[in-house]
There are 4 protein chains.
Amino acid sequence: MADLQGFMLPRSPEGRASIVPAPPWHYSGDVLTIEYRTDPANVAALLPAGVGLADDDPGAVAVIWADWQSCSEGGEELVDPVRSQYKECFVVVRCTHRGETYSRCVYIWVDKDFALARGWYQGYPKKMGSIWMTRPVNVGRAGPRLQAGGRLGATLAANDRRLAEARLTLEAPSDTAGFVNALPMLHSRWMPAIDPASAASLDQLVTMRSLDVEVGPAWTGEPALRLFDAPGDELSALEPVEMIAGYWRQVGATFAGGQTVD
Amino acid sequence: MADLQGFMLPRSPEGRASIVPAPPWHYSGDVLTIEYRTDPANVAALLPAGVGLADDDPGAVAVIWADWQSCSEGGEELVDPVRSQYKECFVVVRCTHRGETYSRCVYIWVDKDFALARGWYQGYPKKMGSIWMTRPVNVGRAGPRLQAGGRLGATLAANDRRLAEARLTLEAPSDTAGFVNALPMLHSRWMPAIDPASAASLDQLVTMRSLDVEVGPAWTGEPALRLFDAPGDELSALEPVEMIAGYWRQVGATFAGGQTVD
Amino acid sequence: MADLQGFMLPRSPEGRASIVPAPPWHYSGDVLTIEYRTDPANVAALLPAGVGLADDDPGAVAVIWADWQSCSEGGEELVDPVRSQYKECFVVVRCTHRGETYSRCVYIWVDKDFALARGWYQGYPKKMGSIWMTRPVNVGRAGPRLQAGGRLGATLAANDRRLAEARLTLEAPSDTAGFVNALPMLHSRWMPAIDPASAASLDQLVTMRSLDVEVGPAWTGEPALRLFDAPGDELSALEPVEMIAGYWRQVGATFAGGQTVD
Amino acid sequence: MADLQGFMLPRSPEGRASIVPAPPWHYSGDVLTIEYRTDPANVAALLPAGVGLADDDPGAVAVIWADWQSCSEGGEELVDPVRSQYKECFVVVRCTHRGETYSRCVYIWVDKDFALARGWYQGYPKKMGSIWMTRPVNVGRAGPRLQAGGRLGATLAANDRRLAEARLTLEAPSDTAGFVNALPMLHSRWMPAIDPASAASLDQLVTMRSLDVEVGPAWTGEPALRLFDAPGDELSALEPVEMIAGYWRQVGATFAGGQTVD
């Protein structure tokens, strides 16, 4: 009996069937970030036992849309782009654990299965959704330019319901693209026991950070955000009390693994 | 800090955000099964260490298409059918472990995220695909009747490539709907460590069986099957050497958990 | 230069490329109908010049979900079901023209391109949408039985927004499945001139009726309906004032062409 | 009875329900072109009566992938990008009519309904498909740069079958982006009669050209193309005999209508 191969399921004789190849995973894409404040109690309600609110600006939330191209080390997926391109919308808060402050993704939707699998591996709690974001353009009249006055929109839907809509009107170049998603991540990996009455089979706190981050020029502007109710989601509980800012930037990064956190 | 709720990710204040509610999970649907023999070495190559070929007919394979409606105990998903209906195509072989003979799903594709998550929980190695199967009809000319001569087709695609096509021409009522997927399942649950250099965080052999199985009349007939190559799949390695039979039947069942296998 | 072949676009050397084969077209499927009354002015606002409100119950509207299997005369699509199955949601009113009373489809969404093309040919003003409807089941716990108390749901979304939701709680067998969609259709076929300043290139009133209609037992019950706003739709203007009834029935029918109406 | 409003179907009280707003339509996007020669008889077989092969290089074919953002005059779709972004793959040949040489789109697939409707209006014989193309990137390792050696891929699928795959390895800047799709278009608008035995209701030769064309820097390189058989398509009959070249360029353009051709 030869050993089964492959980084994730399904494991197979050659390892080619895995829903995603092994890391490192490379990413290049456009990222639109909307930052705002909600009642810090809404953030606290999303933190697991032993994890606390950030000391500074504890109610800060980032809702982030990204349009990615991604690949594993060989890069073969790049010329079969159905296997390399995906879009996502995710929600990040900050938190503290044993004296360190982290970013933490609390909700996230993607539109490809390989991206969902990477997320479950990394502790990003991914579900499938339909994600769209305006692209700045260089030619023609069908899109904003990356300049003051450029208007971008972004939307998220799941199960045929719209869950979120954002608008960003560009105002000026920016030195940053926000502070909420800027720290190492503190994520929970979770798999219940096959006997539902038993303790979880996987209940792990992990941390990770991006490598080889390369960014393009950032723009900031006037943000707007609407969140909508849906029976299978609690996103709308993170209701905005005060908008902070919005950003757009191109980002490249590599993920090569993380560590468990005691 | 209140504890997070929810059976699976994302865990949330109310537990409504979980990609799927807790078991029990109920299923009602149409199931088309194609059984054939491949070289037993192709089956052996898909079994993990410690698991062996079935003594009897070790090269037998079932490729199964199912069009399901499913729900959790409350059944609320049933009136929001985007959250209860899904289709799947899966491949089952038999195997032995410590003297017991089991069925084992080695590849499976579904078209909804809640179904994918249930599969990862149960050790079904689910990926997303596009699945279609002919429905027998009771009125009109746009479909076969459940009677001799009725012709059904079923297809599977993933990443914009067709992976499998089946045909079934009904011949006669049947007492069974095949033998390959008829045993308790022996599945592997698998999650690599967040540090890719470390041993897997979850590497578990589990078993489960359906409860409260209710079936409609079964039909059997002449099967045909074609499997196609794709860069991210190894399905076509399970090439048919000899067809056994095909079946169609309506099935209802409940899943309420399983057990780990030492 | 050999003549191009094919019933619709694209026309090609063999005629196989046409988005849909020539009629006759056969249909077999499940149909869920919600009938209600809106302000008759809302119906009148959807009728073209020369077409008037029905004398009797002029504000009656039917919103209909259907889950179809369909094929052309040869029936080859039936064993490649991605090309034969589709779902639709459509809105029907009644109207009068030259002393005759007709049914008229004013809005309709489908989820396959071949169905959209058939609709444009027939004067059904089809757009793409995501349509789901509960299926009654015969086995298992994941669905209603066709009996009193059975609860069915149906939804429509387009452009990632939910546009309509219906519920039907079955009460009793019924001799009919509604009256709004029961007459010959009076449809408008419309194509603007390639010079947008000129009169339309196709502006035609047509009528058609189904052939060889075969129906299964009908059930009636308590209906509920919600319509939602969206920027690219006016469906929600047809707001319900009074519910009439709901129905579920299996329907088979054939379309073989229609006639222009002077 | 107020007149119905709206450029295309469905026509409605306010005109908002039209599957697409009235022209002008603006486009900004990325365009990847593969040019090659097939047997000129394959091109001739796709030309309607009265239209002949181009005198020069009559077997030249362009298969073009485009990733567009588009909008109508107001531009409101741009901030609801599910209604403005789409991808397409189309096949263009050249032809002559009454002494003029034209480009002509013979096959085309898009992934949004508003784009399909625009095509039917313009004589582009659009069907729905799944289209993907690699994006050049400016940051990170997940994509080619716009420079020599950059590798791009593009794919087309319809009805769960892959129909075409292209590769382009960039070599050098280019003054052009090909010659096959560079002329005014000569298209056929076609709608059969509602009585299938009658002559077509719309059978019109039209021409159009893009306005306000704005292009970014073009790149050329080594092309590769594979076309695959499918039961509902004849694309693979246009088999490549000799590759010409490949191109990538950003394009902006406006469509504001065309003219009929006698």
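User: Which residues do ring pairs link into a cluster with W25(A)?

Analyst: This is a predicted model, in which local features need pLDDT of at least 70, side-chain atom pairs count only at pLDDT 80 or more, and totals for chains, interfaces and linings use all residues. Residues are numbered from 1 along each chain as its sequence is written, chains are lettered from A and ligands numbered from 1 in the order in which they are written, and side-chain values use heavy atoms, with hydrogens and water left out. Rings of Phe, Tyr and Trp (its six-membered ring) pair if their centres lie within 6.5 Å; planes under 30 degrees apart count as stacked, over 60 as edge-to-face and the rest as tilted. Such pairs join W25(A) in a cluster with F7(A), Y121(A) and F255(A).

User: How many aromatic pairs does the structure hold, and what is the geometry of W120(C) with W120(D)?

Analyst: Over all chains there are 38 aromatic pairs. The ring centres of W120(C) and W120(D) lie 5.7 Å apart with planes at 65°, so this pair is edge-to-face.

User: Which elements does this pair of W120(C) and W120(D) connect?

Analyst: Helices here are DSSP runs (H or I, at least four residues), as are strands (E, at least two), numbered from the N terminus. The pair crosses between chains, from helix α2 (residues 113–122) of chain C to helix α2 (residues 113–122) of chain D.

User: Is W120(D) buried or exposed?

Analyst: Buried means under 20% relative accessible area, exposed over 50% and partly exposed in between (1.4 Å probe, protein chains only). W120(C), at 4%, counts as buried. With a relative accessible area of 3%, W120(D) is buried.

User: How far apart in sequence are the parts that F7(D) and Y121(D) tie together?

Analyst: The rings of F7(D) and Y121(D) are edge-to-face, because their centres are 5.1 Å apart and their planes at 70°. F7(D) lies in the segment before β1 (25–37) of chain D and Y121(D) in helix α2 of chain D, so the parts tied together are 114 residues apart.

User: Why is α2(D) described as largely enclosed by the rest of the structure?

Analyst: Among its buried residues are D113(D), R118(D) and Q122(D). The helix α2(D) is largely enclosed because its buried residues number 10 of the 10.

User: What are the helix and strand counts of chain A, and what part of its residues is buried?

Analyst: The secondary structure of chain A comprises 2 helices and 15 strands. Of its 262 residues, the buried share is 66%.
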